[in-house]
Amino acid sequence: MEMINNPILKGFNPDPVICNKGEDYYIATSTFEWFPGVRIFHSTDFQEWNLVAQPLNRVSQLDMNGIPDSGGVWAPCLTYSDGLFWLVYSNVKSVDSPWKSGDNFLVTAENIEGPWSEPIKLKFGGFDPSLFHDESGKKFITYRQWGPRHHSNPHNNIIIQEYFHNEQRLSTDRKVIFGGTERKLTEAPHLYKVDDFYYLLVAEGGTLYEHAVTVLRSKSVFGPFELHPDETILTTIDSPEAPLQKAGHGSMIKTHSNEWYMVFLVGRPIADTIKIQNNKISGYCPLGRETAIDKIEWRNGWPYVVGGSHTKLQIEAPIFTQLSANKSAHKTEPLSEVFIDNFDKDSLNPEWQTLRVPFCTKMGALTNTKSHLRLFGQEPLVSQFPQSTVGHRWKHFDFDAKTKVSFSPNNEQQNAGIACYYNTKNWVYCFVELDESLGTRCLRIIQVDRGEATYYFYEQPIKIPDSVSYISLKVSVCGSALMFEYSFDDVTWQGIEVVFDAWKLSDDYVKGKGFFTGAFVCLHCSDQSCEGVFADFHHFEYVPHL
């Protein structure tokens, strides 16, 4: 029996939604402030998933300049119907205010790789929009409503409106089809028609350790909906020992082999940060919210997770999965999780993402003849406006990431290097800059921890010899610890004897109303003097300790 290992999408890949076109299956995930918006993965066996599209790749589709941390693209919904792929998504512009706000859009494409259309704005006040194609030919949008309500009567309402695509508009009739259970924080609605019933899946309990998937059904798309006998079909609230926590935000699919599966988000806390008190777990998940999968069975007209409502590290693969010996061998090859970029292509590798704005000539260039990524100095890491920052997700608890940079700053307002980044208020940055009083380049580190900065190697800087053209920089993450190393000849490495807390780059540490991303390794160049300085990065390697 073939088995699927969870999570199927490692690192920051939350809010999954699954659909298919024949025997090809696709999962779309949220990207928040990272550009391009939405990541779409493809599989034919539910085991190997490859990134095939990032559809929101133009500012006309996704304008995130200046948006707050964890704003941007929330919970997309990807469907296939009428010969088209349909993608609805939110662009959230306010996170910390008394209530959140933003806009919602629809784009379509004939092929998953694109081109994707210009957006249609969907006029409603809410988030987590989902598009349902009814067998009658009608289309409906469901979403979680938001707006100014007193805290004693919070918004938990799931709304449905008919969508008229030929007119590119929603019906003015809005109907509440579910007001949530006592878990509250009801969101992420998805509708399905199975036999005589419409089934409504929602997430409840908040996207932390109390997360859950709640199920309802009705004979009408407008309700009334009755709750599942167990209310929830997936949660880890009563399984503090489970290695996959925070389970919720589910999306179901019927396969071409007539089996049912559900994808959902999970979080993996670092083992040495886990605490269990009164059967409740806490811990830190710097990899962010990841995507897992489980099998669904039907009993008495209701869906249930096979083997129980807890999460599992391995689940049974669909019966259509037929792996050749060669493919199986390739799957277990450790190097498959290594990422090496020599910057020798005409475009940026899709594993990289940028913050809020697309990679463009103001940000950088790929210098093909020298195999370099050139980054032009822009805003610093604390800015919500255009930075020259390219990021690669942490996908493992233990890894090394290294690069080699050539950088000749003219003043102390210019720097370039490697950073471990969560958001504008939480990061650690090892960089090259000019010490004007010494008249030489130096290596230094800044940590920003919940907005408070700590400076390292300013009194006793690490001087860079004038003869050195390239400075090699490495970050090593080992569980809850994070350390930097450097080399002036790319052979002999010198450790920097400061240990940082890797676990702090997590949703669980960052406090506030809505922080939902994960840790990245970033290459960065900033220039607050606006003199046009640039840094050349020769290569990048991400090597997990497997």
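My entries on the strand and the backbone follow.

**Ground rules.** I worked from a predicted model, where local features need pLDDT of at least 70, side-chain atom pairs count only at pLDDT 80 or more, and totals for chains, interfaces and linings use all residues. Residues are numbered from 1 along each chain as its sequence is written, and side-chain values use heavy atoms, with hydrogens and water left out.

**Strand β18.** I took strands as DSSP runs (E, at least two residues), numbered from the N terminus. I looked up β18, residues 212-218, and found seven of its seven residues buried (under 20% relative accessible area with a 1.4 Å probe, protein chains only). In a regular strand the side chains alternate between the two faces of the sheet. Here A212, T214, L216 and S218 point one way, while V213, V215 and R217 point the other way.

**Its partners.** Two strands pair if DSSP finds at least two bridges between them. I found β17 (residues 197-204) running antiparallel to β18, joined by seven bridges; A203 stands opposite V213. Strand β19 (residues 226-235) also pairs with β18 in the antiparallel sense, over five bridges, and T235 is the bridge partner of A212.

**Cis bonds.** I noted a cis peptide bond from F35 to P36, with omega near 0 degrees. P36 is in the loop between β4 (34-35) and β5 (39-43). Another cis bond joins G114 and P115, with omega about 5 degrees.

F343, not a glycine, has phi near 55 degrees. F343 is buried, at 2% relative accessible area.

Technical notes: Buried means under 20% relative accessible area, exposed over 50%, partly exposed in between (1.4 Å probe, protein chains only). Helices (H or I, at least four residues) and strands (E, at least two) are DSSP runs, numbered from the N terminus.
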